[in-house]
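Subject: Structure handover

Hello,

Here is the structure for your files. Please look it over first; notes on what was found in it follow below.

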Amino acid sequence: MATSWLNDFLDWPDVGQVFLLRRERTCGAVTTVEEVFGITSLRPEQASASELLHWCREHWAIENRLFGVRDGSFREDACRVRRGGAAQTLAALRNTLIHLIKQSDFRSVAEAMRHFMVHPLEALERLTQPARQ
């Protein structure tokens, strides 16, 4: 559900719409429901409720595909590195590793990580090879 009628009540520059997204997830016999609100600068004539839903789903697909791996496999959120450019450097290294893993024939990120932990020189060799098409 998206609406612009709340815009007059918000002290938020350039707000176009406020929307409510209801997420329902079932794991086994347990169903959980979560309702979240979003704000966008797009007016109703620029983006319908179905378009906003599509963009939210696209965002989470990217989030789960990339950041899910970065946090789930590399535990990025638990990293306490904060000084200078170290955090950005570590993020670039993680992205490089994800690219390396996706170019390999491993079935999962966990399998690839176990392999490259035992064979670190192979990981370096793969970084210097041209990407496979």
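The largest pocket has a volume of about 220 Å³. A pocket here is an open set of points on a 1 Å grid over the protein atoms alone, where a 1.4 Å probe fits, with protein on both sides within 12 Å along at least five of seven lines; lining residues have an atom within 4 Å of a point. Grid points are joined across faces, edges and corners, and the volume is the space filled by probe spheres set on the points.

Two notes on the source. This is a predicted model, in which local features need pLDDT of at least 70 and side-chain atom pairs count only at pLDDT 80 or more, while totals for chains, interfaces and linings use all residues. Residues are numbered from 1 along each chain as its sequence is written, and side-chain values use heavy atoms, with hydrogens and water left out.

The pocket

The lining of the largest pocket consists of Phe-74, Thr-96, Leu-97, Leu-100, Ile-101, Met-113, Phe-116, Met-117, Pro-120, Ala-123, Leu-124 and Leu-127. Two or more of the lining residues come from each of α2 (86–102), α3 (109–118) and α4 (120–128). By class, eleven lining residues are nonpolar, one is polar and none is charged. For these classes, Ala, Val, Leu, Ile, Met, Phe, Trp, Tyr, Cys and Pro count as nonpolar, Asp, Glu, Lys and Arg as charged, and the others, Gly among them, as polar.

One of the lining residues, Leu-100, sits in helix α2. Leu-100 counts as buried, at 6% relative accessibility; buried means under 20% relative accessible area, exposed over 50%, and partly exposed in between (1.4 Å probe, protein chains only). The C-alpha atoms of Leu-100 and Ala-123 are 7.7 Å apart, while the two residues are 23 apart in sequence.

Leu-124 belongs to helix α4. Together with Leu-121 and Leu-127, Leu-124 makes a nonpolar patch on the surface, with about 320 Å² of accessible area in total. Patches are made of residues with over 30% relative accessible area and no salt bridge, with like charges joined within 9 Å and nonpolar side chains (Val, Leu, Ile, Met, Phe, Trp, Tyr) within 5 Å. Accessible areas come from the Shrake-Rupley method with a 1.4 Å probe, and for residues only the protein chains shown count as cover.

The fold

The protein chain has four helices and three strands, in the order β-β-β-α-α-α-α along the sequence. Helices (H or I, at least four residues) and strands (E, at least two) are DSSP runs, numbered from the N terminus. Of the 133 residues in the chain, 20% are buried.

Leu-53 is in helix α1 (residues 49–72) and is partly exposed, at 30% relative accessibility. Leu-53 and Leu-21 are 32 residues apart in sequence, with 7.8 Å between their C-alpha atoms.

Salt bridges

There are four salt bridges in the structure. The criterion is a side-chain nitrogen of Lys or Arg within 4 Å of a carboxyl oxygen of Asp or Glu.

Glu-35 and Arg-22 form one of them, at 3.7 Å from N to O. This pair links distant parts of the chain, with Glu-35 in strand β3 (residues 30–40) and Arg-22 in strand β2 (residues 17–27), 13 residues apart. Glu-35 is partly exposed, at 48% relative accessibility. A network of salt bridges links Arg-22, Glu-24 and Glu-35.

Arg-23 is bridged to Glu-34, with 3.3 Å between the closest N and O atoms. Arg-23 is in strand β2 and Glu-34 in strand β3, so this pair ties together parts eleven residues apart in sequence. Arg-23 is partly exposed at 30% relative accessibility, and Glu-34 is partly exposed at 40%.

Arg-107 and Glu-111 also meet in a salt bridge (3.5 Å, N to O). Arg-107 is exposed, at 77% relative accessibility, whereas Glu-111 is partly exposed, at 23%.

Regards
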